[in-house]
Amino acid sequence: MNYLSKDIRTIHNAILDGKVTPLDLVIEAISLAKKDNNNAFEYICEKEAIQKAKSLDKNKISKLLYGIPVVIKDNYATKDIPTTASSNILNGYVPVFSSEVVTRLENEGAIVIGKSTMDELAMGGTGTNGHLGITYNPWDKSHTHIIGGSSSGSAASVSAGIVPFSIGSDTGDSVRKPASYAGLVGLKPTWGRISRYGLFPFACSLDHVAYFTRNVFDSACILNVLAGRDDKDFSSSFKEVEDYTKQLDNPLLGKKIAVIKEINDSVSSQTIKEQFNKTVAFLRDNGAVVDEISIDQKLLRAIYSTYIIIASAEATSNYASLDGIKFGNRIDGNSYEEVVKKTRTAGFSAYAKRRFVIGSLSLLKENQNELFLRAQKCRRLIVNAFNKVFEKYDAIYAPASPTVAPLIKTTKVQIDNDSLIADNYMAFANLGGFPSITIPIGFCDGLPFGGNLTAKPFDESNLLNIANELEKKTGLANIVAGK
Amino acid sequence: MKDVDINTLKTAVDRLMFELTDEEYSKLLEDFKIIMEHINFISEIDGVDEAEPMTFPFEVSNSFLREDVPHNISTTDALKNSNDVEDNLIVVPRVIK
């Protein structure tokens, strides 16, 4: 029996019952990873994972993640395992420490079987601009549709049935959008809820640890493992960690949910609109109060530019360390400056360079007031508008994408000029640090699409509860491509 | 803000310490037309210039400094990712000539 296409709890029970061992699972996951034709992997940890499976502490067998294979996005440091963030500038880089997320998972018995492909340095939303090329969507055997990014390989590996969960990162919507295109649950908890120690910093004020699972229960379980203060990340929160599975089955009666008219109006797919409305009807039928409300269209339209200016400016500063001197793929020259210049010229793709130029221009003294500072001011107004909604509502609910996964040929590897609000609004949860989850809600032409729920900071239990109740209705838990 | 022209881009690229081909520069100029349209969406927002800049998602005030925790890595580890090392030092081209 192939357990890897099941959810975590089912696999855990099979281990407890002696039907399968961690070593069986790891060998099978590695075999599937090697056969993967979606370009999901930067590195397959064959030797390391088999050794870990053989040396697991059997006293930990009752832990849910004991022996469960996991894939980690390649922008998390993994000790003694190559880590490139899908950028040529980091070819050959082998971290000397592991990120806190990886340490916590391994302490629970999870086994890292691979590092996944991504948009270079997490900059991008298509899964097409990493140094190994396009990551494909397992739901589309013809390889004509994207899976989305930047956490593309992490999404593909769960969607293709190779592992039951994977770690990504979310700075704009880099887990929640691919979750929609891949038929997965993608959770980005509150900013500060999970330590970012060892996650390559891209835009520190927007970066979040986030991850993919096949159902909401698993998502809550992973949060139980990862949430909590870490002294190695000063931005991690002291806020008490709850048991996030406890409230999952609470009734929806009395929950107040807002849908935003301007987001729904900008959804182009009629099928997505209709299915979304059906799920809204379900929420109402089960006692939730769902109101359609409005947010200033100008603010919603400005989310993308606010995000892109802030993210690019922070990236320009964070990635200045990639010079090939202390680590990375150095190219020699006659002077220190020439080494750095040659290394960075060869190491970054054209797309990454363009993002850095935006960042650099917005930080120039003569432009700072009009670009960077104004974007930070706009951020305040956007976040204020959503905070006002959360004064009255438990959650905001909207389609996670305006269409199913777009065609690769229509996806430009450049800054997207698509001003559709529905395609860019999810970054509001990064601007305000709000917890946000995408779950599958339907299919169109054989491709999945999701709905997105967002709540106020540190209200993950409430968020997961609403998502779980919705999942029961859609019947789209535990879906795997090709099964 | 004054229009972004090729010279503005060249200044930015030079500060970033990489190079672009002529083709990449013209592509970047095209991109900037789109980017500036987006940026204009921000300036259209009422009251934007009066708002307080927001640097982090929400206020977190830590009124303490944690104790220093010594955390050392070995010299071997510290140097293992540099591709030119001699006598425990990272080698770079001569700076003062």
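Which residue of chain B forms a salt bridge with Asp80(A), and how far apart are the closest N and O atoms? The legends below begin with that pair and refer to a predicted model.

**View 1. Asp80(A) in salt bridges with Lys80(B) and Lys79(A).** The partner in chain B is Lys80(B), with the closest N and O atoms of the pair 3.5 Å apart. Asp80(A) also forms a salt bridge with Lys79(A), where the closest N and O atoms are 3.9 Å apart. Asp80(A) has a relative accessibility of 44% and counts as partly exposed. Lys79(A), at 43%, is partly exposed too.

**View 2. The contact between chain B and chain A.** Chain A contributes 71 residues to the contact and chain B contributes 58. About 5900 Å² is buried between the two chains, and carbon and sulfur atoms give 64% of this area. Five salt bridges are counted between chain B and chain A. There are also 17 residue pairs in polar contact between these chains, with both residues at pLDDT 80 or more. On the side of chain B that touches chain A, the elements giving two or more residues are α1 (6–15) and α2 (22–43) of chain B. Of these, α2(B) supplies the largest share, 13 residues. By residue class, this side of chain B has 31 nonpolar, 17 charged and 10 polar residues.

**View 3. Strand β4 of chain A and the strands paired with it.** Strand β4(A) covers residues 165–170; six of its six residues are buried, so the strand is largely enclosed by the rest of the structure. Phe165(A), Ile167(A) and Ser169(A) point one way from the strand, while Ser166(A), Gly168(A) and Asp170(A) point the other way. Residues of both sets are buried. Strand β2(A), residues 69–73, pairs with β4(A) in the parallel sense over three bridges. In that pairing, Val71(A) has Ser166(A) as its bridge partner in β4(A). Strand β6(A), residues 208–213, runs antiparallel to β4(A), and five bridges join the two. Here Ala210(A) of β6(A) stands opposite Gly168(A).

**View 4. Thr21(A) in the loop between α1 and α2 of chain A.** A polar atom of the Thr21(A) side chain lies 3.0 Å from the backbone nitrogen of Asp24(A). Thr21(A) has a relative accessible area of 35% and is partly exposed. Lys58(A) is 37 residues away along the chain, and its C-alpha atom is separated from that of Thr21(A) by 11 Å.

View 5. Over all chains, the whole structure holds 25 salt bridges. One of them joins the side chains of Glu106(A) and Lys52(A), at 3.1 Å from N to O. Glu106(A) is partly exposed at 24% relative accessibility, and Lys52(A) is partly exposed at 35%. In a further salt bridge, the side chains of Asp423(A) and Lys177(A) meet at 2.8 Å, N to O.

**View 6. A network of salt bridges in chain A.** The linked residues are Glu100(A), Arg104(A), Asp230(A) and Lys232(A).

How values were computed
Residues numbered from 1 in each chain as written. Chains lettered and ligands numbered in written order. Predicted model: local features only at pLDDT ≥ 70, side-chain atom pairs only at ≥ 80, totals over all residues. Heavy atoms only, no water. Contact = heavy atoms within 4.5 Å. Buried area = accessible area lost by both parts, 1.4 Å probe. Salt bridge = Lys/Arg side-chain N within 4 Å of Asp/Glu carboxyl O. Polar contact = N/O pair within 3.5 Å; in protein donor to acceptor, adjacent residues only side chain to side chain. Helix = DSSP H or I, 4+ residues; strand = E, 2+ residues; numbered from the N terminus. Nonpolar A, V, L, I, M, F, W, Y, C, P; charged D, E, K, R; others polar. Buried < 20%, exposed > 50% of the residue type's maximum accessible area, 1.4 Å probe, protein only. Pairing = 2+ DSSP bridges.
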